[in-house]
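Please look at the model before reading on.

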Amino acid sequence: MEAKSIAKFQRYGSRKVGLVLDQIRGKNVKAAEGVLPFIEKTTAELVYKTVHSAAANLEVKLGKKVDMAKVYIKEAYANIGPMGNLRRIQPGPQGRAMPYKKSMCHLTVVVSDEKGGR
């Protein structure tokens, strides 16, 4: 059985989150939760919370406690979030406006109690 957890509108770039996801994809949840606190990226905490939530969702779906060493991360990916409403302007020289965009992402983690995946 599968369970999914989605963290939407997170204030991190999808490429930066993807670097952390590459390190845990395909591992079991117990190993992933053991590795994530030692990754020196600010996005590691976001990924940890989402993986933990997906594992808890699986326990609720099954209706019983599950050994996290037997639950695997089947899919983990980060998509680009909306950019339209997070455009900001910084003052530039000679009265000019220097626009910049604040990036955002949607993080999805799918866990399964069967080994395998994509």
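Which exposed residues does the face of α1 turned away from its buried side carry? That face carries R15, K16 and D22.

## Basis

This is a predicted model, in which local features need pLDDT of at least 70, side-chain atom pairs count only at pLDDT 80 or more, and totals for chains, interfaces and linings use all residues. Residues are numbered from 1 along each chain as its sequence is written, and side-chain values use heavy atoms, with hydrogens and water left out.

Helices (H or I, at least four residues) and strands (E, at least two) are DSSP runs, numbered from the N terminus. Buried means under 20% relative accessible area, exposed over 50%, and partly exposed in between (1.4 Å probe, protein chains only).

The buried residues of α1 are S14, V17, G18, V20, L21 and I24. Seen down the helix axis, they fall within an arc of 165°, so they line one face of α1. The arc is that of the directions from the helix axis to the C-beta atoms. An α-helix has 3.6 residues a turn, so residues three or four places apart point the same way.

Cover for the buried residues of α1 includes α2 (29-35), α3, β2 (72-80) and β5 (105-112). G26 follows α1 and has a positive phi, near 90°.

## Packing of α1 on α3

Helix α1 (residues 14-24) packs on helix α3 (residues 43-62) at an angle of about 55°, with the axes 9 Å apart. That makes α1 oblique to α3. Angles under 35 degrees count as roughly parallel, over 145 as roughly antiparallel, 65 to 115 as roughly perpendicular and the rest as oblique. Axes are lines fitted to C-alpha atoms, for helices over the stretch in contact, and angles run from 0 to 180 degrees between N-to-C directions.

From α1, the contact (heavy atoms within 4.5 Å) uses K16, V17, V20, L21 and I24. From α3 come T43, A44, L46, V47 and V51. T43 is buried, with a relative accessible area of 4%. Leaving aside neighbours within four places in sequence, T43 contacts Y12, K16, V17 and V20.

## Positive phi elsewhere

Most residues other than glycine have a negative phi. F9 has a positive phi, near 60°, and is found in strand β1 (residues 2-10). Q94 also has a positive phi, near 55°. Q94 lies in the loop between β3 (87-91) and β4 (97-101). Q94 is exposed, at 74% relative accessible area.
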